Amino acid sequence: MKEMLEALREASRQAIDQAVDMDALETLRIRYLGKKGELTAILKQMGRLSAEERPVVGQLANQIRAELESELDSRKSALAARLQERKLQSETLDVTMPGKELPLGSKHVINTVLDEVTDIFVGMGFSIVEGPEIELSAYDFDRLNIPENHTVREWTDTFYITEDEKVHLRCQTSPVQVRVMERMKPPIRILSPGRVYRKDEIDATHSPMFHQIEGLVVDKGITMGDLKGTLNTLIRKIYGPDTVTRFRPHHFPFTEPSCEMDVQCFECHGRGCRVCKGEGWIELLGAGMVHPRVLEMSGIDPEVYSGFAFGVGLERLVMRRFAISDMRLLYENDTRFLSQF
Amino acid sequence: MKLSREWLREYTPIDVPDKEYCDTMTMSGSKVEGYELTGAEISRVVAGRVLSMERHANSDHMWVCRVDAGQDHILQIVTGAQNVSVGDLVPVALDGSTLPGGVEIHTGKLRGEVSEGMLCSLKELGLEQRDFPYAIEDGIFILQEEGAPGDDIRELCSLNDSVVEFEITNNRPDCLSVRGLARESAAAFHTPLTLPVPTVKGGAGDIRELLSVEIREAELCPRYTARMVKNIRIAPSPKWMRRRLRASGVRPINNIVDITNYVMLEYGQPMHAFDYACLTDGRIVVRRAREGEVLQTLDGNDRPLTADMLVIADAESPVGLAGVMGGANSEITEGTTAIVFESATFSGPSVRHTAIELGMRTDASSRFEKGLDIRGTVPAVDRACELVELLGVGEVLDGMIDVLPGELRETAIALDSARINALLGADIPEEFMVSTLTELGFGVKDGVIAVPSWRGDCTMLADIAEEVARFWGYDRIEPTDIRGAAVQGGYSQKQLFRQKLGRTARAMGYTEVMTYSFVSPSGWDKIRLSADSPLRRAYTILNPLGEDTSVMRTTALPSMLGVLATNLSRRNMSARLYELATVYRKDGGELADERTAMTLGAYGQGVDFYALKGAVETLLKAARTPDVRFAADRDNPSYHPGRCAAVYSGEERIGTLGQLHPDVARAFGLDENTCCAELDAVKLLALEGPEPTYTPLPRFPAILRDIAVVCDAETPVGALTECITGAGSDVLRDVKLFDVYAGPGVPAGRKSVAFSLTLRSEDSTLTDEHAEEAVAKILAALKEKLNAVIR
């Protein structure tokens, strides 16, 4: 019997080693270890053995059973690993093929920059406020201290809605200042973006409708230094920390003192080139200390409070920032343009 | 304003290079637009004396000249001109010279004869006969200037000047003058300023015996000053005057006209000269025009006048349009013997009105519009008379007529250096303030600033702060952070809501567009609005750029369709676009109801009604719009009658979506399957549901049951869904449509609709029996209410 067992051990080992798949292994398990398997068949003959031989053979049989089980298991793992490997192999993809497109819409480039600017100012404690675009001359002109004979009031410059010139399309975002000061008391920190209208024919650098961002700060002790600091922060965040600015005197009816801010030409760094028309500087925005009369007309005592205001054309910021040469692109809305930003 | 630096030096000695001059002026508030050297294009052109002339052997019209041009040898130059004689002094362009227009001259051969340069005409030097009236137009410029062979022509003809062009702001009409800019320049460079006071000898009689002036409209003409000159000899003005006029962009005409222009440039005060002989009764009356009066102005046009225009008249009729232009009937001519110089102050708005009304902006009118110094009339008229005497043009009469109906006022401002520094955030010494103001012509005495009459723009301390700051240097003011009470900033609800809508649209693959607020009214026809549609009640621009941009939009649909059409015509194969567009509605108030409309528009692959509806549903979900419902809208003229839905939140109409009406698609050149949606963002914000609170996750498993029912083909799925949810089952949690079928196996006129139902109890595991019970209840309701029977 011992010989039979040894023969079984030998034969089964070989068979297990040669099994090529899970089914073959299962067949072998049944053949050798099953209830009606060969090992059981051999053990059934144990009765014929002597009492001394029985434990020895029994032990051997158990040992062989354990061995077979372990070999079946390890063969099973090996086969499983190989199977998995083959499967993975067969599932290989061409990873250079394009992904399935998930269309993502883009924000209009004007709003991209606008949101950037408003975020900067919200961070500085500004509220973002809006006002009407079809506006009263009282707000857009009179209470901004714009004199009766100012050219901006002319029909060649401003789009009028009523014959009596009382209602027109606002030509700046400044009337929002007046509306805010009328209902809010200092401290005031507001930013007012929006559409404005001027009677310019459409070309590469002009549009009869464009966007402005108006800023207004009114409080006790606001200085022109604060104005410079605030605008420098804005411009450096938009154009980078190395941007060089200069402030130069100018005139606006609603600020005094007034200034314009130029940035040093990005192209030539101040030496003068085609981009800056030889000046070395590019005019960017107008600003100043709120005119005492404007404060007064809005019910704020200029003896107690001071403030600054600025207005910047958004299109100009956008075009400069993304090197867009023609303003018309912004309003044509060709998706090949829009999706670039 | 163009400023000759040569002229400027007459008042203040500034010799820095042009670039430095311009930069300093710009930074002190007189913005320089640009500058140029007169004669910059001319080089190596000198005076030459013609020594001999011989006929060219191979030409019947050319001359071979020997010319002494101050060079190391006598030059041989060939010319075709016929006006040159031996002994003439002429401009010679030497070998390697340049002329205006980029012309280069080199030694060469003309029909076999060497020519070492070229003799030049006026035109070749970029000049006109007006500059040198003694020269002829078509021929060599025979110089009558004092010069010797070899002298640089730029020196000889005074072409070596720099002209600086300033952008003068509206508040500084005083800087529209050489004297005004000289004052600014002297303050900027701290150079001495000499502004001579004109002196007139006179002696040709008393003006009062010949002329009277009456102002009938003191409001419109606060001052009128006149002087007279007789025995006028009209001739060209001297070279220096012509040169300065030309440098300032004014064409020389004759000595009298040139004097008026010269004084205007020098003092900023427009002047006019009348022919005294043309003034009936020797009277000047400043009055309103009478209706029906017509004046032929100097430009030869007949101007119909109205009563709101101010004229200068004689005893009978107008002889000039006050502040705008003189009349042809009193024009200075060759035969003029006596003239009246007018130097007056007119009301800015009145001049502006007249100029606009008649469509004739002039140099004078644009100055008057800005409001001129009322004290400027006397020095200007004296200067004109001084020039008359200097040029020997005529004899000046004694005295002047100066009508000044009102009083002269002076502005005084207390100097408060601490407040100025507080406003600027600077620490400027008071001495600097005083010296700057003094240089600018302000009087400062005992802490009180007397504002000079030409500085009407300075009325308060803030104005003084600007004067001080611009010469201190804006760049020297330290940038600081805003101090003071902390304020809470942020976005409004409206802005945050719009941002959310935009974000959601972009996440779904829709790209933002931005279109003009003003549109063409033809867009209303293109989207088939009925004639009485309230959307046609729009704000109309009275002076639009064109019909295309003439009304403020009441709907953003045409704008969106225009953009889609642009993209389609450019062969962009598909587009999914959105706009958060402002529309302007008339609501009876003084101003518009400006609302945000969200429009979606799409065409191309994957776009159909349901794709767009899905986008709308997702948007409304993000917007937390409660109780959203869609109903067929057959009456919307812009959309396909069978493919248009009205969108509701409860009973409130919040928008429309659908496939375009084929006529609309055609009108815009779009494909018929183009889909659009319009949502009222203002209503959506008002309806926005509360922020959700946490709902516990289900503790018990759900059971899914699919049902398919057959109903009338006409029955909307929405009705079936409503019926299912309304069937009264307490365990129904969700209903999802998964199939609609009509065809073989389903009777004609009927359709099969399949739903997946999610059933769940919140307090126990649902049993099969309970689930069956619920489904049965639902099926019963479907059968009873909609004749929808299980398939």
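So, the largest cavity: 17 residues line it, and B:Gly29, B:Thr169, B:Asn171, B:Arg172 and B:Arg470 are the ones nearest its centre. Two elements each give two or more residues to that lining, β6 (245-252) of chain A and α12 (461-472) of chain B. Helices here are DSSP runs of H or I with at least four residues, strands are runs of E with at least two, and numbering goes from the N terminus.

Before I go on, this is a predicted model, where local features need pLDDT of at least 70 and side-chain atom pairs pLDDT 80 or more, while totals for chains, interfaces and linings use all residues. Residues are numbered from 1 along each chain as its sequence is written, chains are lettered from A and ligands numbered from 1 in the order written, and side-chain values use heavy atoms, without hydrogens and water.

What do I call a cavity? On a 1 Å grid over the protein atoms alone, a set of points where a 1.4 Å probe fits but cannot get out, with lining residues having an atom within 4 Å of a point. Points are joined across faces, edges and corners, and the volume is the space filled by probe spheres set on them. That gives 2 cavities of 30 Å³ or more.

Now the interface. Chains A and B bury about 7400 Å² between them, 54% of it on carbon and sulfur; buried area is the accessible area (1.4 Å probe) lost on putting two parts together, summed over both. The contact (heavy atoms within 4.5 Å) takes 91 residues from chain A and 85 from chain B.

Last one: α19 (717-725) of chain B. Which residues are buried there? B:Leu720, B:Cys723 and B:Ile724, buried being under 20% relative accessible area and exposed over 50%, with partly exposed in between (1.4 Å probe, protein chains only). Down the axis of α19(B), the buried residues fall within an arc of 100°, so they line one face; the arc uses directions from the helix axis to the C-beta atoms. The face turned away from that buried side carries exposed B:Glu722 and B:Thr725.

Technical notes
On a 1 Å grid over the protein atoms alone, a cavity is a set of points where a 1.4 Å probe fits but cannot get out, and a pocket is an open set with protein on both sides within 12 Å along at least five of seven lines; lining residues have an atom within 4 Å of a point.
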